[in-house]
Amino acid sequence: MKKTSYFIVLIGMLTLCSAYISDRLDNKTWHEASKMGDFYHDLYSFLPTDSLTDSIVNLYQGPVSDWPKPNIDSGIVYQELGAMPGNKEYLKWDNDDTVKLGKILFFDPRLSRSSQISCSSCHEPDMAWQDGRTIALGNDHLQGNRNTPSLLNVIIQKELFWDGRAGSLESQATAPLAEHHEMDMDVKSLPAKLMKIAGYDSLFTNAYGNSDITLSKITYALASFEKTLRSKKSRFDFFVEGNKKALKPEEIKGLHLFRTKARCMNCHNGPYFTDLQYHNIGLSYYGRKFQDLGRYLVTGKKEDVGKFKTPTLRDLLHTRPWMHNGLFDNLTGVINIYNSGMHQLDNKVSPAVDSLYPHTDPILRPLQLTADEKEALVAFLEALNPVEYKMRRPELPGMGHE
Ligand code: HEC
Ligand code: HEC
C-alpha cells in the first residue's frame, strides 16, 4: 500500500512540473524567444550551418555593389572582382594578316637555332599556353629556372616575366628567341633564315605591305598574336553577369572567404584576380639551392628580394603546376600553406647582419580556416575554369604540305 501511494504522489508531482514548464514556454515573450534564437545562433556559428550559408548566398546573388565589404588592409588600392569583358579576338586568327603571321611564327620551330623548338613547345595551346612542367625545358634539354606562365590574358600585363623584367610583349619576345636554354637563336640572323623559306615573303607582304623581314616585324607579329589569347568565360563570370545558379552555394561561400577571412583579395583582385604588383610570399629559397631573388634581380632594391608578380587565378586547373618555381600541383596544398601564414623567415634578422635577407609580405598571416572553409575556397577557385579553346597548329610555309 505504502509503495503505491508514493508512486501516485511521484506521478502527480511530475505532471505538475511538466504543466508548469509548458506554461512557461507558451507564455514566453518574443524578446525571450529571440534571445533563445541568439543563443542557438551563437552555438551554431561555430559550425558551418545551412542558415549562415543561405544568408551569404542571398547577398552574393544580388548586385556586386551589395556584396559584403572585402577584408582589405588599409592603404591597399584594390579593384572589386568581376566578370571579364567579352571579346571576339579569336576572329583575328583568320581575319587579321599580322595576327595570322604572328600565329605561324609562334608555331614555327625554325625560329630556333636547331629548328626544333618553337614558342609553342613551351606555350602549348592544348595546355592553356603553358607546358605543364615544373620548370621549362628548352634547347638541348636545358632547364631554365622558372615555371612557364600561361599566355592567356597576357594583354593585361604591364610588365612581362615573373619578375617584370620586360616592358612590352614586343621587347619580351627576343629573350626566348635568344636565350641559350630556350630557342638559342642568333636573332640577327633570324630574318635571313626566314627569307629563305618559301611562303614567308607573301605572309610578310600581307601583314606589312612589303616582303622585307626584320626582327621588329617578327616580334610585332608575335605580340599581335599573343594579345588575342584570352580566357573564355567561366561559371564565375556567368554568375556575376546575373545567372545566379551558375555557382553552387559552396562555391559562393568560397568566393566570400576569398574576399574576407582568407584575405586573398588583398593581392588577387579585379576581373583577372591580380593586382599586377610584386610580393614576396615566402618561396624565394633564400640562401638555399634553387634560390631565386625575383624582382630584386631587375630593380636591385633590397626590399624586392623574393618578390614575384601576382599571377592571375583564371584557368588555374589548366595552368598547373603553380608558382614561379612550379612548386605546387594541388590546390588544397596551396590553401594549406596560405592558411599557415606562409613560410615566414625570421623577420627580425637585422639588416646589419644580412642586408638582402628577404621579408615575407606582412599581408600574409595565419588564417584559421576550418576544413570546410578550405574546401569551399578550393571549390570557388575551380569555378574559375572555363572550357578551353582548342586551336589547331597552323600549317607552316615551305614544309611542302600547304
Ligand atoms: C623553353 C621554353 C620556352 C620557350 C621556347 C618560350 N618560352 Fe615564353 N616563357 C617561358 C618561361 C619559363 C617564362 C617565364 C620566365 C621568367 O619569368 O623568367 C616565359 C615567359 C613568357 C612570357 C611572359 C608572360 C608573363 O605573364 O609575364 C611571354 C609573353 C612569353 N614567354 C612568350 C614567348 C614567345 C613569344 C616565345 C617564342 C618566341 C616563347 N615565349 C618561347 C618558357 C618558354
Ligand atoms: C601578399 C599577396 C598575396 C596574397 C594575400 C595571396 N596571394 Fe596568391 N600569389 C601571390 C603571388 C605574388 C604569387 C606568386 C608567388 C611566386 O610564384 O613565388 C601567388 C600565387 C598564387 C597561386 C599560384 C598561381 C599560379 O598560376 O602559379 C595561387 C593558386 C594563389 N596564389 C592563390 C591564393 C589564394 C587562394 C589566396 C588566399 C588564401 C592568396 N593566393 C593570397 C600573392 C598573394
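**Two ligand shells in one chain**

Let's start at ligand 1. Four helices each give at least two residues to its shell: α6 (119-122), α7 (169-172), α8 (174-178) and α11 (215-226). Of these, α6 gives the most, with 3 residues. Helices here are DSSP runs of H or I, at least four residues, and strands are runs of E, at least two, numbered from the N terminus.

A word on the source. This is a predicted model: local features need pLDDT of at least 70, side-chain atom pairs count only at pLDDT 80 or more, and totals for chains, interfaces and linings use all residues. Residues are numbered from 1 along each chain as its sequence is written, while chains are lettered from A and ligands numbered from 1 in the order in which they are written.

Who comes nearest to ligand 1? C119, C122, G138, F161 and P176, out of 26 residues around it. A residue counts as near if its C-beta atom, placed from the backbone, lies within 6 Å. By class, that shell has 16 nonpolar, 7 polar and 3 charged residues. Nonpolar covers Ala, Val, Leu, Ile, Met, Phe, Trp, Tyr, Cys and Pro; charged covers Asp, Glu, Lys and Arg; the others, Gly among them, are polar.

Now ligand 2. It has 25 residues around it, and C264, C267, W322, M323 and H324 are the closest. Helix α15 (residues 331-339) gives the most, 3 residues. The classes: 17 nonpolar, 6 polar, 2 charged.

Last, the whole chain. The protein chain has 16 helices and 2 strands. Of its 402 residues, 33% are buried, meaning 20 or more other C-beta atoms, placed from the backbone, lie within 10 Å of the residue's own.

Terms used: Buried ≥ 20, exposed ≤ 12 C-beta atoms within 10 Å, placed from the backbone.
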